[in-house]
Amino acid sequence: MSLNFVDSSTGQAVGSTSLARTILLAATKDIDAELNLKIRQVKNWRKEYLGVYRALAKTEFYQEQNGLEIARLGLELLSRSIHDDSGRDLTEIVEAGWIGDAQVETFIISGTEPIRPLSLAGISSLTDAAQIWSHEKLAEPGLVRSFKFLDAHKKLPISMDLLIALAGAAEYAPTKHWLGAGGTVAVVARNNTQRWLDLVAHARNSAGTLLVPVLKSRVPLDAISLTDEAIAQNAGLDICDDAEALAGWVAALSMTRKERIVLGQYAYAPGAKHILVQAVQDALAAKVCAKLPANRVALAWLATPTDSTAVPAEVLQDAQNRYASRSWGTKLRDLMLGMRKTNGQFFDTRFGEKLALIDPTSTLQGSSYALAKRSQRWRAYLANSQGVKVSYAIAPPAHTESVFSFKLLRATFRGAPAFGVQAFGVDDAAVAATALLIRDLHGPMPHRGSTALHTESAIHGGLWRMIYLPKSVWNKATLIGWTALLVADYKNDSRKAKG
């Protein structure tokens, strides 16, 4: 099944840029006339879109009802603006799968090992990790409270949850650590024999249970006696191509299983495909929330720290104070490099809450990334307002293959620590993400301000508390990191030559 962007009013094909502008115009029309006019007047979207999303973030958090209405309108239009070849929009595709005949068989892989508590290499406890990261300005102070809760409650009932992990085979997804903690996870990932073999083997050697989807059209006649290798060869669903079948599988799991359904939305794709895969995820989230009672569903994301957002005013004030108190050596370096002070903006909400607007975005990520990630935050806040349990965990940049396969990004993050930004090791990031998911599902919800859902326990790798203007950091970090990579490559080549 092929999915395409269309103008929902005419049915004509459109590009991702036109789609984004149309959605933001519709979402802000009756909320912020000034912003709506600004969006209309943008001449070069790919150069000016970051300013639009920055202004939108302020509008969203100025008044809660504004943000919720923008989210509702934006998400509804996103779903109506993606059609398959037969003209069905995403809502219709997902509904057809939900009520239609099952197209997927489930194979159950059970582990036999004892539970492995979540732990970080070289750190004695999760609380210690949170204290270190908070002290180094890589995470918000609320993370210490969250991890203290986990250290004090070692046996939280995750057996009462079924994690449906969309893109659950991704490096950063909590799948493997969830299995290690004794949880049950239904993984959605494309057909890739080696990747599924790895997942199945990991599940066998864990304390958890893995549910593997296989399209009925791929199930062999001797399915009862399938080996793990045969299951892996036939396993998998593509989130976009198999959206209808996927919706049917989620429906079947929600009706045949007793656990709470936790829909984990972890998919990423390059370019405009990111909007498509995110829109399918969101259509599934909307359907699950509509079909199940609020106490039987939870939504989860690994949210990006590289989106313009509102934070408590203290976050920006801290960055400005640290900029003012730089050592003379750092000031000299910054002068030579042309570093500029962070340009966050303080503002009061309609009801007097002190917030700050920050913008750690980068044009390297592109406008499709901006819409896809903003739509996740829309759904998180909308679902939370409807009484649905939400885990919208700000997760740090990490040394994932998808990021570090690009030498430019590898160089940037190698040089970024010089300016207070740190990419995490993949395993540390995945452990932290799993810990936050468990805490959000079974701990008390934060009640510290209008931004608490995404700021309370954020692990942002320093991006939110960076003392410099992000635009002035990235090219300097790349330069520093590129030099380090060239030196490392030279040394490696020298060792090979000597060998």
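Two strands count as paired here if DSSP finds at least two bridges between them. Strands are DSSP runs of E with at least two residues and helices are runs of H or I with at least four, both numbered from the N terminus. The model is predicted, so to speak of local features takes pLDDT of at least 70 and side-chain atom pairs count only at pLDDT 80 or more, while totals for chains, interfaces and linings use all residues. Residues are numbered from 1 along each chain as its sequence is written, and side-chain values use heavy atoms, with hydrogens and water left out.

**View 1. Strand β8 and its partners β7 and β12.** Start with L263: its bridge partner in β8 is L299. That bridge belongs to the pairing of β7 (residues 260-265) with β8, which is parallel and runs over five bridges. With β12 (residues 389-394), β8 pairs in the parallel sense too, over six bridges, and here A298 sits opposite K389. Seven of the seven residues of β8 (residues 297-303) are buried (under 20% relative accessible area, with exposed over 50% and partly exposed in between; 1.4 Å probe, protein chains only), so the strand is largely enclosed by the rest of the structure. V297, L299, W301 and A303 point one way, A298, A300 and L302 the other, and all are buried.

**View 2. The seven-stranded sheet.** Reading across this open sheet, the order is β3-β6-β5-β4-β7-β8-β12, and the pairing is mixed. The edges belong to β3 (104-110) and β12, each pairing on one side only. Neighbouring strands are turned by 20° against each other on average, direction ignored; axes are lines fitted to C-alpha atoms, for helices over the stretch in contact, and angles run from 0 to 180 degrees between N-to-C directions. Within the sheet, β4 (residues 161-166) pairs with β7 in the parallel sense over six bridges, and L166 has Q265 as its bridge partner.

View 3. Another open sheet has the order β9-β11-β10, with antiparallel pairing. β9 (309-312) and β10 (345-348) stand at its edges with a single partner strand each, so one side of each has no neighbour in the sheet. Neighbouring strands here are turned by 40° on average, direction ignored. β10 and β11 (residues 354-358) pair over four antiparallel bridges, with Q345 opposite L357. Helix α3 (residues 45-62) packs on the sheet and touches β9, β10 and β11 (contact: heavy atoms within 4.5 Å); its direction makes about 25° with that of β10.

**View 4. Helix α1 between two helix contacts.** The axes of α1 (residues 16-28) and α15 (residues 367-385) come within 10 Å and cross at roughly 35°. This crossing is left-handed, meaning that the near helix is turned anticlockwise from the far one by less than a right angle, with clockwise for right-handed. S16, L19, A20, I23 and L24 of α1 meet S368, L371 and W378 of α15. For α4 (residues 64-80), the axes come within 8 Å and cross at roughly 145°, and the crossing is right-handed. L19, T22, I23, A26 and A27 of α1 make this contact with I70, L73, G74, L77 and L78 of α4.
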